[in-house]
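The following questions and answers concern one protein structure. Please examine the sequence and the model before reading on.

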Amino acid sequence: MKKLIATVLTGAAVLCTPAAFGGEQVRGESLDSGLGALPSSYTGKEFMQLSASHVAGEKQDSGLGSVSQEELRRIVSAYEASRQR
């Protein structure tokens, strides 16, 4: 009986929320398109021409820091030699 009462009370509480009445706007909330100050004629054409893998501001980095090609060869050959032992 206690479970039934708890279930009914929980259901009533959920039904009394503003979202249940379709009022999904929070008091004082301002709606923003997220487009900043773009003109209404903006189409985004210049961004549609970029490849899907392009990330604005991304820099291609090998992740090796300032390792020279010669030093990299030395490191790789030392690693391979240690794996063969």
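Q: How many salt bridges does a search of the whole structure find?
A: This is a predicted model, in which local features need pLDDT of at least 70 and side-chain atom pairs count only at pLDDT 80 or more, while totals for chains, interfaces and linings use all residues. Residues are numbered from 1 along each chain as its sequence is written, and side-chain values use heavy atoms, with hydrogens and water left out. A salt bridge is a side-chain nitrogen of Lys or Arg within 4 Å of a carboxyl oxygen of Asp or Glu. The number found in the whole structure is two.

Q: Which residue forms a salt bridge with Glu 70?
A: Glu 70 is exposed, with a relative accessible area of 54%; exposed means over 50%, buried under 20%, and partly exposed in between (1.4 Å probe, protein chains only). The closest N and O atoms are 3.6 Å apart, and the partner is Arg 73.

Q: Why can Arg 74 and Glu 71 be described as about one helical turn apart?
A: An α-helix has 3.6 residues a turn, so residues three or four places apart point the same way. The side chains of Arg 74 and Glu 71 meet in a salt bridge, at 3.9 Å from N to O. Arg 74 and Glu 71 are about one helical turn apart because their separation in helix 3 is three residues.

Q: Is Glu 71 exposed, partly exposed or buried?
A: The relative accessibility of Glu 71 is 34%. This value lies between the cut-offs of 20% and 50%, so the class is the one in between. Glu 71 counts as partly exposed.

Q: Which element of the protein has the highest mean pLDDT?
A: The protein has three helices and zero strands; helices (H or I, at least four residues) and strands (E, at least two) are DSSP runs, numbered from the N terminus. pLDDT is the predictor's confidence in each residue, from 0 to 100, and its mean for the protein is 76. The lowest mean among the elements, 74, belongs to helix 2 (residues 45–48), and the highest, 88, to helix 3 (residues 69–84).

Q: How many residues of helix 1 are buried?
A: Helix 1 (residues 2–15) has 14 residues and reaches 20 Å from its first C-alpha to its last. One of its residues is Ile 5, which is partly exposed at 46% relative accessible area. Helix 1 lies largely in the open, because the number of its residues that are buried is zero.

How values were computed: The expected span of a helix is 1.5 Å times one less than its number of residues.
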